[in-house]
Amino acid sequence: MKKGITIGAVLFTSLALAACGNSANKSSESNPKSSSLVTAKRKKASSLSEIKKKAYSESKVKASSESSAKAKSESESIASSQKLADSISESKASSESITAASSSSAASSASQSLESSTAASSATGANGSSISMDEHTLTGFLNKYGVSPVLYKTQHGMSEKEAFETTPDSMKSSGELQTQFLKYGIK
């Protein structure tokens with residue numbers, strides 16, 4: 001910005017000197033020293049021209065350095081964006097592994113629950129009325145089939161996402177509810 005002001009000031013002064021020089025030329029025509037004045041004015045004009053060229057080349061160099069600095073900052077910005085995207089994908093992979101671990105722990109707890117209910121039914125003997133076999137509750141479904149409805153559907157050919165979408169929340173374990181939200185965004 002300062003260079004632009006400097007260049008403008010140089011141009012203004014050169015125009016002002018040129019205008020003054022024209023009026024001086026008219027009066028110097030009658031003066032015998034006019035040739036020396038003309039020579040001095042020409043030297044001034046050539047030095048002003050050199051100053052203009054120098055200022056122009058400096059502004060060109062500054063503009064190219066500014067554009068290279070801008071390109072460098074943009075590439076740094078892209079690199080930081082890439083690092084952020086990598087970090088997000090790593091955290092997503094980590095959350096997926098946590099979800100898988102929670103699903104496996106839910107499955108193991110369901111199988112432990114099934115084993116304990118089987119032991120309880122054998123302990124009760126012929127009574128059997130203490131164990132629910134109602135397929136419309138999560139507990140009854142687990143007791144009857146040994147797995148949750150979502151896992152049962154995936155084992156029998158349905159995709160995991162479709163199984164989550166078609167099973168009501170009351171028939172899902174807490175781990176499955178977390179998995180459907182974290183992995184598929186289903187609320």
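Predicted model: local features only at pLDDT ≥ 70, side-chain atom pairs only at ≥ 80, totals over all residues.

Me: How many helices and strands does the chain have?

Reply: Helices (H or I, at least four residues) and strands (E, at least two) are DSSP runs, numbered from the N terminus. Here the chain has six helices and zero strands.

Me: Is Ser148 buried or exposed?

Reply: Buried means under 20% relative accessible area, exposed means over 50%, and partly exposed lies in between (1.4 Å probe, protein chains only). Ser148 counts as buried because its relative accessibility is 9%. Ser148 sits in the loop between helix 3 (138–145) and helix 4 (149–155).

Me: Which side chain is joined to that of Ser148 by a polar contact?

Reply: A polar contact is a pair of N or O atoms within 3.5 Å; within protein, one must be able to donate a hydrogen and the other to accept it, and residues adjacent in sequence count only if both atoms are side-chain atoms. The side chain of Ser148 is joined to that of Glu176 at 2.4 Å.

Me: Where is Thr167 found, and what polar contacts does its side chain make?

Reply: Thr167 belongs to the loop between helix 5 (160–166) and helix 6 (174–184). With a relative accessible area of 4%, Thr167 is buried. Its side chain makes a polar contact with the side chain of Lys153 (2.9 Å), and a polar atom of the Thr167 side chain lies 2.7 Å from the backbone oxygen of Ala163.

Me: How many aromatic pairs are there?

Reply: A pair of aromatic rings is described by the distance of the centres and the angle of the planes. Rings of Phe, Tyr and Trp (its six-membered ring) pair if their centres lie within 6.5 Å; planes under 30 degrees apart count as stacked, over 60 as edge-to-face and the rest as tilted. The count comes to four aromatic pairs. In one of them, the ring centres of Phe141 and Tyr152 are 5.7 Å apart and the planes stand at 85 degrees, so the pair is edge-to-face. Phe141 lies in helix 3 and Tyr152 in helix 4, eleven residues apart.

Notes. Residues numbered from 1 in each chain as written. Heavy atoms only, no water.
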